[in-house]
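Q: I'd like a close look at one part of this model, the aromatic rings and how they pair up. Could you walk me through it?

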Amino acid sequence: MSSLPLLTRVKEDGVTFALTRRGSSPAIARTSPTQEARMPNRAPAPGEQYRFHVDMGKCIACKCCVVACNEQNGNPATINWRRVEEIEGGWFPMTMRASLSMGCNHCLEPTCLQGCPVDAYSKDPATGIVRHSADACIGCQYCTWNCSYGVPQYNPERGVVSKCDMCHGRLSIGQTPACVSACPEGAIAIEIVNVTKWRESIDTSPSNAGLPKNDGSLSTTRVTLPKTLPPNATPVGVTNVVPEHPHWPLVVMTVLTQLAVGAFTTIWLSQLFGAAAHLGTAALASLIVGGLALSASTLHLGRPIHAYRAIRMWRRSWLSREVLLFSAFSGIAGVYAAVLWFGLPGGGYIGALTVAVGIAGVTSSACIYRVPSRPAWNTPYTLLQFNLTAAVLGPLFAAVVGGGNLRWLAIGAATMASAQFVLLALRLFRCISSDSLELRGTARLLSTVLAGRLVLRGVLLALGAVALPLLAAGPQLLTPNAPTGSMAGASVMVAALALATTAEIVGRYLFFVSVVPKHLAAPYIASASEAS
């Protein structure tokens, strides 16, 4: 009978086995030197925290870390708390490819924590680990945009977000995280970092030194780059951009809230300039639109039953501020509508407060999307775009419900629509002329797969906010004292409002689907976010 191969190898290596009696003292488990090098032998001291160290020179892209992480945490295959990305560069024939494994970076100033409206994130003061509470999470997904590395992952089956917690349970009993243990090459390790010295290193180190740059959150992960990393190294497939998720509930919510704010602003201005007819009716109609918009916003949440929690962190989260301001806007606007309906005094002051709170709410909505991880959103143009939507749709809605002089409402809508066209051109030119891979990716999407919808948006806006309103107000434009409108003119204004609203919905859809997020390697490899 032939011997087993394993037994033959053991004998050749000179290893022997010894039997022990049952009940005798067990042998003390000893960690191999390789495993010891992957885990510090002490806990962090004050001013220190744990961090990951990733050696790209050792990583072979086997993705054992990804599998081990998913098995340890029970995640489905579509949700990966740890990801492995390929980086390639060079010039023929001297080319190279390396791999970068990355999970949560347990940042010093985590943007996921700062933006969360329900305080579902916490940073452990003893270990520095950034943890997420699924019980507190409402599934708003704001953190998935706010993180420069795309670490938080939304689980649609559970309706909450989840992320890497450095296997804190294993760390607490002296074991290494699953990804660290599973790596056959020792490419991932746990280290202790001095927070003050790390901040200084980030500020003074050059790009491509294995330290994060301009990530907005101060990642603690240390990356050892390959010694021969070419200067043009970029992530594989980084230019193969695809449209993002449209987030239809947010499309509807943002457009309709802006319409309501624009309508109340128009009603208030009409009141100031002496218009009195139908203002109460116009205000009630605007209030109904605002209510529908706020109701639609809950459809975006994974756990809408807990939507009330979103107001909790208004001191630091723009999402909480948006919820707070629009809730206040609804209440004040209701009072203003009642004052106009019953002809009570003080309408001018209440209307001014309604407008101020409404504009603040629209601005807060825009600030939600001004995050460094989404360059196409992170611009003052976003603030202008959201407020211009209100300025375009508000006069049209007021004209339909009879809340002002048709002549001036038509001129106002056409003027604001013209400004919207200028803004659209400026945004597109910014993307085309930029050296950023993300902005160029946005331009590529808008000029290829989304080009038809971009043209459609422009045509609908020109018809609905410029041509038809001016056509309906034609007699008054030529003769200011001409009779106000007819049934035909009213029908034209209804069509104009429908077309303009559709144009803004298409525009907001393009806003969401055309954005290209930063690659997780961009803060560590400058060329990963720069066009060659």
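A: Here is a walk through the aromatic pairs, one ring at a time. Keep in mind that this is a predicted model. The structure holds 16 aromatic pairs. Let's start with Trp145 and Phe512, whose rings sit 6.2 Å apart, centre to centre, with 40° between the planes, so by the cut-offs (under 30 degrees stacked, over 60 edge-to-face) the pair counts as tilted. Trp145 belongs to helix H5 (residues 142-146) and Phe512 to helix H18 (residues 487-513), which means that this pair ties together parts 367 residues apart in sequence.

Now for how hidden these two rings are. Trp145 has 7% relative accessibility, so it counts as buried. Phe512 is buried too, with a relative accessible area of 1%. Phe512 also pairs with Phe511: that pair is edge-to-face, 5.4 Å centre to centre and with 85° between the planes. As for Phe511, its relative accessible area is 6%, so this residue is buried.

How values were computed. Residues numbered from 1 in each chain as written. Predicted model: local features only at pLDDT ≥ 70, side-chain atom pairs only at ≥ 80, totals over all residues. Heavy atoms only, no water. Phe/Tyr/Trp six-rings, centres within 6.5 Å; stacked < 30°, edge-to-face > 60°. Helix = DSSP H or I, 4+ residues; strand = E, 2+ residues; numbered from the N terminus. Buried < 20%, exposed > 50% of the residue type's maximum accessible area, 1.4 Å probe, protein only.
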